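Dear colleague,

I am handing over the structure that we spoke about, and below it you will find an account of what was found in it. Please read the text with the structure open beside you.

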Amino acid sequence: MNLLDDPSPQVRISTLSSLGFLQQPRTLGKIRLLANDDDPRVRAWVAIALGHFSALEPADPATASVLDQLAADADPYVRDQATEARQRKPLQSTTRGRGEDSGFASP
């Protein structure tokens, strides 16, 4: 986790890659903080790492907020990665009203 504070963007990127792979929920707060990093590659890897937490952190509002921020980033690569991460994560409410399509076929 301390490597996320390293002055080298490549070290921060490598650390984000590893943390995304490991999917440890206790790392989410630190990962989300890097959404404001000066380096666009680091911000892109924040989105990539957060996208790997889909099974562990469904509908996490803090992660959704960070991905929204990154989806509006000035850098197109960051925006693309945030969009892909949003597609991997069930960030919207999973509650559906009666009669709404769940996306599953009825028997």
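**How α4 and α5 pack**

Helices α4 and α5 pack at an angle of about 145°, and their axes are 7 Å apart; here axes are lines fitted to C-alpha atoms, for helices over the stretch in contact, and angles run from 0 to 180 degrees between N-to-C directions. The model is a predicted one, in which local features need pLDDT of at least 70 and side-chain atom pairs count only at pLDDT 80 or more, while totals for chains, interfaces and linings use all residues. Residues are numbered from 1 along each chain as its sequence is written, and side-chain values use heavy atoms, with hydrogens and water left out.

The helix names follow DSSP runs (H or I, at least four residues), numbered from the N terminus. The crossing of α4 and α5 is left-handed, a term used if the near helix is turned anticlockwise from the far one by less than a right angle. In this contact (heavy atoms within 4.5 Å), Ala64, Leu67, Asp68, Leu70 and Ala71 of α4 meet Val78, Arg79, Ala82, Ala85 and Arg86 of α5. The residues of the contact of α4 with α5 divide into seven nonpolar, no polar and three charged, where Ala, Val, Leu, Ile, Met, Phe, Trp, Tyr, Cys and Pro count as nonpolar, Asp, Glu, Lys and Arg as charged, and the others, Gly among them, as polar.

**The buried face of α4**

Within α4, the residues Thr63, Ala64, Val66, Leu67 and Leu70 are buried, which is to say under 20% relative accessible area, with exposed being over 50% and partly exposed in between (1.4 Å probe, protein chains only). Seen down the axis of α4, its buried residues fall within an arc of 165°, so they line one face of the helix; the arc is that of the directions from the helix axis to the C-beta atoms. What covers these buried residues of α4 includes α2, α3 and α5.

**Salt bridges**

Side chains of opposite charge can pair when their charged atoms come close. If a salt bridge is taken as a side-chain nitrogen of Lys or Arg within 4 Å of a carboxyl oxygen of Asp or Glu, the count comes to five salt bridges.

One of them joins Asp37 and Arg12, with the closest N and O atoms 2.9 Å apart. This pair links distant parts of the chain, since Asp37 is in the loop between α2 and α3 (40–51) and Arg12 is in helix α1, 25 residues apart. Both Asp37 and Arg12 are buried.

Another joins Asp73 and Arg43, whose closest N and O atoms are 2.7 Å apart. Asp73 lies in the loop between α4 (61–71) and α5 (76–88) and Arg43 in helix α3, so the pair ties together parts that are 30 residues apart in sequence. Asp73 is buried, with a relative accessible area of 12%, and Arg43 is buried, with a relative accessible area of 12%.

The side chains of Asp39 and Arg41 also meet in a salt bridge, at 3.1 Å from N to O. Here Asp39 counts as buried at 14% relative accessibility, whereas Arg41, at 40%, counts as partly exposed.

**Two threonines**

Is Thr27 buried or exposed? Thr27, in the loop between α1 (9–22) and α2 (28–33), counts as buried because its relative accessibility is 2%. Not counting residues up to four places away in sequence, Thr27 touches Met1, Leu19 and Phe53.

Thr15 is found in helix α1 and is buried, with a relative accessible area of 9%. Leaving aside its neighbours within four places in sequence, Thr15 is in contact with Leu3 and Leu4.
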